[in-house]
Amino acid sequence: MLTDAEIQALFDKHNVPEAGRLRIQAIRHEPPGRRADGGSRSQTIRYCSKKMGFVVEAESYEGEYAALVTWEHDPDVYEMYGQPCHKLKLSYRGANGRTTSHMTTPDFFLIGKDGFTFVECKLQKTLLELALKQPARWLRADNGIWTSPPARNAAAELGCAFHVRSSEENNWILIENLEFLRDFIVEPAQLEESDLAALSAKLIDSPWWTIHGLLAEGIRADVLYAAIVSGAVHFDITRQRLTQVEEAVVFRDAESAQAYATFSLTRTPDLGTHAQTTLSLYPGTLFSWDGRRWEVLNYGDEGIAARCLDSEGKSSRFVELSHDHLSKLATRGKIIPEPDQATDHLKQAGEVFQRFGPEAQQQAIWRHQILYGEPSKDNPYVSVCRRTRANWKAGYRRAQEQYGYGLVGLVSNWERRQGNKTQKLDQAVHEILVAVAAEKYEDPRRRTVAQVFGAVEALCLEQGFTPPSRKTVSAEIKRSRSIDSERKRLGKRAAYDLESIQNWHLSYTTPVHGTHPFHIAHIDHTPLAIKLLDESLSTLVKSVWLTLMFDAYSRTVLGYYLSFDDPSHVSCMMVIRDCVRRHGRLPQFLVTDRGPEFDSVYYETLLARSGVNKKSRQTSSPRQGSVIERFFGTTEKVLLRGLQGNTEAERQYRKVSREISPARLAIWTYERLQNRLEEFFFTVYANNHHSTLNCSPRQKFLDGVATAGERRHVYIPYTRNFIIETCPTTAKGTARVGPRGVKINYTYFTGPALADLSLRKKDVPVRYDPFNAGIGYVFVQDRWQDVQSEYFYVFEGRTTREIELASVHSRLDKRIGGRLRDADAAKTAAFLQATESEEVLAMRRLHDKEQRTVRWQVPNELVAPDTAALASSNAWFEYQPKALGDLE
């Protein structure tokens, strides 16, 4: 960002008035005027900008987000601010001829080399619609550039410019490449000299290579992409897509790229390929001969008859040409057919013929066999009379004259002449029917057809008309049904299911599901359709919620979290922790719905610190999260429906009898279900063939990593500091320090950090770990410090998995009977010390001992000890635990 001296120099350079300087400084230092919210119109993206050092919001992907990414990497743009806090006052003449004045908030404010600019981002189709509704506000110049004169005048008063940015300005190749290289741009990779030497050696032998060729030669993907970002090799990210590895070409330097481009332009076309012009001689064909236009009237065995369409020379209006003479004229190029004429006739005839069903098409084929071929054995028209054949032949010729293809004329009623298509209702009655149907049927009260018919009948009789029949009213209602009418009658959510699924675009932008693993991931929650028992196998517990992080590119589960609590920001932060524990990194984009848990300050802060862009789906648009929604369905059908106690029978709860009641058949516990999910997610599903990917999710994931690189330089260390960042706080966020420490979730926590008497009776920020009920964190002395539960000794010697299970069951104990009740730390300790609990955890200890190095091991390179926290006080060693949950 610019310093005060630099911004003042820009003010002086562009002669910004004092009012404009005050307004610009306010925009730079004050928060945005409002939060971006696309609602049901578009997606919302919270973009982590390295240039600005904070999150900038965008209300649409194709409009504002595309502009943000472009400006982020544009050296001529110094600063960019979303939703500037100060509005512009616009005045212009409306469509009704009256002067309209109102305030507007531009999408962005830019500070760049060319000065200060307010920017409004719009889709091209939106601008075309607005230009018709508000022609005085939105204008399109002859060069295609959009302007807004009222906004330009308002910005000029502040010494600023105003730019209307259309989606047509987006370079989607550049945007896709910038997203693909983001990990190498934000955090440059440190390359070994040997890797760069190997890449340089390949480019010395040949000045240009495809990416696929370099990868096949043993060059690591990380080395190649880091070299592209650093400029060690040349690649034009504005013209070639890095993801198209077999076509993208990497050059030794800019001179080699220029030589390759010149070499491509000098390619000689294939001399063996000749343009061929075909003259179709069916009646109605137009062609040029001797500077005049002619039309073929008849095609015979010996020649053709043609008519001159020009008005000059009546004596030469008709002419006959033999086939030999016609062939010579065509060979010499004297006869030139009308361009695309044959193609237009073929297209028109094909469209007409395709309107007929398979039965009508087969009928035409059988009739053609009777007239011009050998009838097949199943042809039902073998014995038709001569008059019928004559009628068929007449229709064949009419179709040949009209379309050039006579087969169309062999379909019954191909000219649509038979049948009375006129409206039988009086026009006044029809208008009554349409008006009443629109008023009564398209209504949230969901009136029946009988009620609508009654209203139509009463109104017609009142006005002296004969009412239509109920069948006619029903047919009119069915004919007039549309998405808009269903939205008025059923609501937008019910109408959403009726909308056509359209995943196509007029132009290619970027892949919907990303270009590589960890590019786009989805987070969502679902209640598992199974009844669970507590560890005593005697009490039915509340259904468990599954929170999942799902990679859209490879359809791989990146992390999951099971909880008896309803979805909240805690679930989101825990699944992020699980993803880092397993993979050491987070996705570039996280796609979520608009649930309140995804708008939590703690959750959004965690994403911003990790450099993750948050994309919110449109309101009530579950299809935008179809990959994770379908996986939830797969989990239920493949796994849960095979487990005893699943709730499939309760879908028809009135038919559930005692012997099939899921509550009576429940035998699964939290721990056993979690083990089964773990195996299903990462062993069974990951290695099964996926029909969309045409391979297994694991294979797709590994192939994507091999092509896009491992990107270890952006790995997130799974340290104490990261664990604290993912720990949630209480509803209040703080706790008061007392003689026994602080009380977090009904449990007292204490430690050396709270020994200072000056902290007594003060509220300090606190956090707790859902995976370890024995440890908490307090923010004192300008950093987070550990505090331990009053019964922390109970957790000593326990593995991470045991502590997690004990913590889960402690929270579960509060929900027995369907209500939350107070609990203290003694209940957690009692659970671990009781005989029943020892039996439950005994098998867990055995499993952890056998699988400790495989299942729950954290990679060494991801863990970095925080020595500063350990050296803060000598008294710490008296409280230092032997097992710290995740850090064991």
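Leaving aside its neighbours within four places in sequence, which residues is Y441 in contact with? Before I answer, a word on what we are looking at. This is a predicted model, in which local features need pLDDT of at least 70 and side-chain atom pairs count only at pLDDT 80 or more, while totals for chains, interfaces and linings use all residues. Residues are numbered from 1 along each chain as its sequence is written, and side-chain values use heavy atoms, with hydrogens and water left out.

To return to the tyrosine: Y441 is in contact, once those sequence neighbours are set aside, with V436, R447, V452, I477 and R489, where contact means heavy atoms within 4.5 Å. Y441 belongs to helix α16, which covers residues 427-441; helices here are DSSP runs of H or I with at least four residues, strands are runs of E with at least two, and both are numbered from the N terminus. With a relative accessible area of 16%, Y441 is buried, a word that I use for under 20% relative accessible area, keeping exposed for over 50% and partly exposed for what lies in between, with a 1.4 Å probe and protein chains only. Y441 and K488, which are 47 residues apart in sequence, have their C-alpha atoms 9.2 Å apart in space.

Let me move on to helix α21, residues 569-583, whose 15 residues reach 21 Å from the first C-alpha to the last, close to the 21 Å expected at 1.5 Å a residue; that expected span is 1.5 Å times one less than the number of residues in the helix. Helix α21 is mostly covered, since 13 of its 15 residues are buried, and just after α21 comes G584, with a positive phi of about 75 degrees.

In general, most residues other than glycine have a negative phi. F518, however, has a positive phi, near 70 degrees, and sits in the loop between α20 (492-496) and β18 (520-527). Q781 likewise has a positive value, near 55 degrees, and its place is the loop between β30 (772-780) and β31 (783-789). Are these two residues buried or exposed? F518 counts as buried, at 4% relative accessibility, whereas Q781 is exposed, with a relative accessible area of 56%.

Finally, the cysteines. The structure holds zero disulfides, a disulfide being a pair of cysteine sulfur atoms within 2.5 Å. As for accessibility, C48 counts as buried at 8%, while C85, at 21%, is partly exposed.
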